[in-house]
2 protein chains.
Amino acid sequence: MIYLDNSMAARPSERAVSAMMPFFTDHWASPSSPHVMGQQTSGAIKDAYKSLYGLIGANNEDAVIFTSCGAESVNHVFHSVYTDIALPRGKNHFITGKTDEAPALMAMHQLEEQGCIGKCVDVDGRGHVTAELLGDVLSPRAALVSLSWGDGLTGVVQPVEEIAALCEDRGILLHLDATHVLGKLYFAPEEVKADLISFNGPQMHAPQGTGALYIRHGLKISPFIAGGMEQAGLRGGGVNVPGLTALGIAATEALEARDLMCTETARLRDRLEKSVADRIEDMVVFYQNQHRLPHISCMGFRGVANEALLYQLSRKGVMASIGGGSFQQIGLVLMASGVEETLAHSSLSFSLSRETTESEIDKAVEIIVEAVKHLRKFSNAFIN
Amino acid sequence: MIYLDNSMAARPSERAVSAMMPFFTDHWASPSSPHVMGQQTSGAIKDAYKSLYGLIGANNEDAVIFTSCGAESVNHVFHSVYTDIALPRGKNHFITGKTDEAPALMAMHQLEEQGCIGKCVDVDGRGHVTAELLGDVLSPRAALVSLSWGDGLTGVVQPVEEIAALCEDRGILLHLDATHVLGKLYFAPEEVKADLISFNGPQMHAPQGTGALYIRHGLKISPFIAGGMEQAGLRGGGVNVPGLTALGIAATEALEARDLMCTETARLRDRLEKSVADRIEDMVVFYQNQHRLPHISCMGFRGVANEALLYQLSRKGVMASIGGGSFQQIGLVLMASGVEETLAHSSLSFSLSRETTESEIDKAVEIIVEAVKHLRKFSNAFIN
């Protein structure tokens with residue numbers, strides 16, 4: 001199996017999984033219990049938060065809460081901005097990107113049913129929500145701009161500095177979903193002035209059931225899961241200590257592996273693209289000549305239905321993605337930046353991880369080339 | 001260590017923890033991915049849901065969704081009844097019990113800030129929300145009654161059949177938090193006509209980060225965590241397969257152990273109460289002569305501050321509870337059913353599990369007796 005669907009989930013780190021074990025077998029009491037057994041985990045909890053703060057580049061005054069997934073974090077943002085800002089102040093416009101992921105789009109849609117105005121910003125030909133495009137939809141009633149910092153299907157990185165500057169200037173909160181960016185991109189936290197940053201754990205080799213939400217110092221937002229004073233009252237419900245511990249380890253490892261991602265993984269991604277392009281005519285590598293995430297490649301193969309290709313590759317042992325799940329369909333994402341419909345629906349996303357090897361890439365190339373040629377022959381025969 | 005705080009969390013089942021492992025190490029791909037690796041877990045997911053349906057006594061037509069904790073499930077209920085019923089229909093009264101747990105009370109409080117009316121029903125001297133007491137606060141604008149079926153601190157079991165009948169009669173949705181009841185109480189699902197049932201995993205020996213929500217067939221409610229078509233669109237975000245699998249095993253084991261809980265564990269609980277009562281004067285066993293949960297004992301020790309006693313017991317290796325975390329303080333819970341303040345704040349809750357042994361109980365008795373006597377001597381000396 002050659003796994004190139006790391007934007008959906010990456011293999012859980014062995015260290016992260018091992019680190020969970022003591023909290024299943026020995027230190028399983030609730031950290032909300034004040035007795036000795038409940039308090040046994042306080043050191044581990046502290047260490048894990050420290051790693052999360054480090055990954056995001058948060059200050060001690062900021063809040064970082066552990067959540068059950070990125071989707072929870074995103075819904076937290078929309079829900080709380082609605083209750084804390086839209087309702088009391090009448091600023092009830094919510095903005096996300098046309099190519100954004102399902103949690104933001106669907107959370108926004110839910111708010112529309114409650115009387116808010118939801119807007120999807122267009123992207124330009126590079127897949128970018130530029131400050132100019134964003135400026136066009138902002139009004140004095142805008143409460144929140146929520147964007148995926150980097151796209152897990154296309155690798156497109158949003159110009160977040162200029163977006164952050166615009167939001168700050170207009171007094172609008174900015175939320176960035178950093179799921180595909182953390183550990184994969186260098187950035188200066190002080191230049192990315194987001195008010196809220198969320199991420200999902202599995203994309204950084206943490207187990208399922210993990211995520212986080214960063215809340216800038218000074219921003220008071222309500223809990224989404226109300227229910228106790230856990231996590232400074234920002235998320236009720238007992239803390240999932242094994243999950244938090246694993247996410248902490250995964251965060252540290254993701255930071256440590258960032259150099260590798262930006263060099264070796266990027267090289268393998270380039271090798272994949274070049275090798276496939278050398279052997280298949282009439283194909284396109286999207287967003288290749290712009291700043292993008294180092295581990296993601298999005299390619300279009302004219303004349304091939306991407307669902308058929310995904311299925312064929314899966315049968316031959318190469319796992320890729322056409323979106324779905326929490327993603328939009330890749331065809332819709334590409335069309336939003338001007339790719340024509342047929343090509344958009346002939347496109348596939350491959351996402352590598354720090355564990356992807358050169359020999360896997362070379363094998364994947366063979367299988368992709370063969371599958372594309374096979375499907376083209378088949379559809380030509382069908383047409384003639 | 002003698003652990004008698006099982007209402008907060010019970011030791012994760014070894015079988016449940018073992019069952020998680022393959023999903024951390026081998027079958028970790030997202031079940032939302034349509035490729036071979038993503039679909040490897042579909043059998044395990046199906047089995048786990050089957051166990052959850054079995055535990056609750058749900059029909060195939062009902063929905064059961066896996067959540068990250070009971071608090072999420074409870075918040076889901078309040079949030080969705082608000083958006084789906086209160087907003088469009090103007091039925092915006094929400095009712096919970098005065099002795100209910102923090103998630104229901106706090107979720108209701110959040111809705112009050114959005115213009116809803118929240119009401120806490122009184123309990124009678126037996127800790128019961130009777131149909132009569134409930135009827136007093138119901139109005140035609142009532143949308144939801146949310147109650148803890150059984151209380152994790154006191155063991156009080158609510159008369160849910162009569163409450164369900166009343167709610168059905170008035171066209172009001174009924175949500176029961178069954179966290180402390182499932183696997184501990186025999187009930188006929190067809191007689192407990194709740195529309196929504198939630199529970200938290202750790203109280204039934206499942207690991208942290210697990211919970212569920214049952215939604216009766218025919219009741220359409222919005223997702224709380226929006227974000228994709230996972231779990232029939234009722235909860236976005238990738239499914240936590242190891243967590244779900246563990247919860248499934250824990251559910252099966254909880255059903256299997258119900259006989260044991262209702263006989264042997266109840267015997268040990270009675271032994272604890274009798275042995276302590278035999279040796280300590282001026283103490284009270286609350287709710288002893290009524291139908292109650294088999295594994296919980298709530299006792300009051302006049303002249304002893306329960307915080308001091310909790311601390312003293314913890315030092316000597318006995319883990320008990322005075323509430324807090326997702327619970328209310330035990331003193332407030334007892335006072336709500338008429339216990340006078342000083343005694344209420346001298347009270348402690350002990351919760352056993354199917355793993356509690358007779359020798360643990362006998363040791364605990366020694367330690368409790370000694371601690372109470374010690375603290376009484378100390379406070380007498382202090383007064384004189």
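These legends describe close-up views of a predicted model. Local features require pLDDT of at least 70 and side-chain atom pairs pLDDT 80 or more, whereas totals for chains, interfaces and linings use all residues. Residues are numbered from 1 along each chain as its sequence is written, chains are lettered from A and ligands numbered from 1 in the order in which they are written, and side-chain values use heavy atoms, without hydrogens and water.

View 1. Ser139(A) lies in the loop that joins α6 (131–137) to β5 (142–148) of chain A; helices (H or I, at least four residues) and strands (E, at least two) are DSSP runs, numbered from the N terminus. Beyond its neighbours within four places in sequence, Ser139(A) is in contact (heavy atoms within 4.5 Å) with His93(A) and Lys119(A).

**View 2. The interface of chain B and chain A.** Contacts link 63 residues of chain B with 63 residues of chain A. The buried area (accessible area, 1.4 Å probe, that two parts lose on being put together, summed over both) is about 4,900 Å², with 66% from carbon and sulfur atoms. In chain B, Phe24(B), Trp28(B) and Gln208(B) lose the most area to chain A, together 15% of what that side buries.

View 3. The largest share, seven residues, comes from α4(B).
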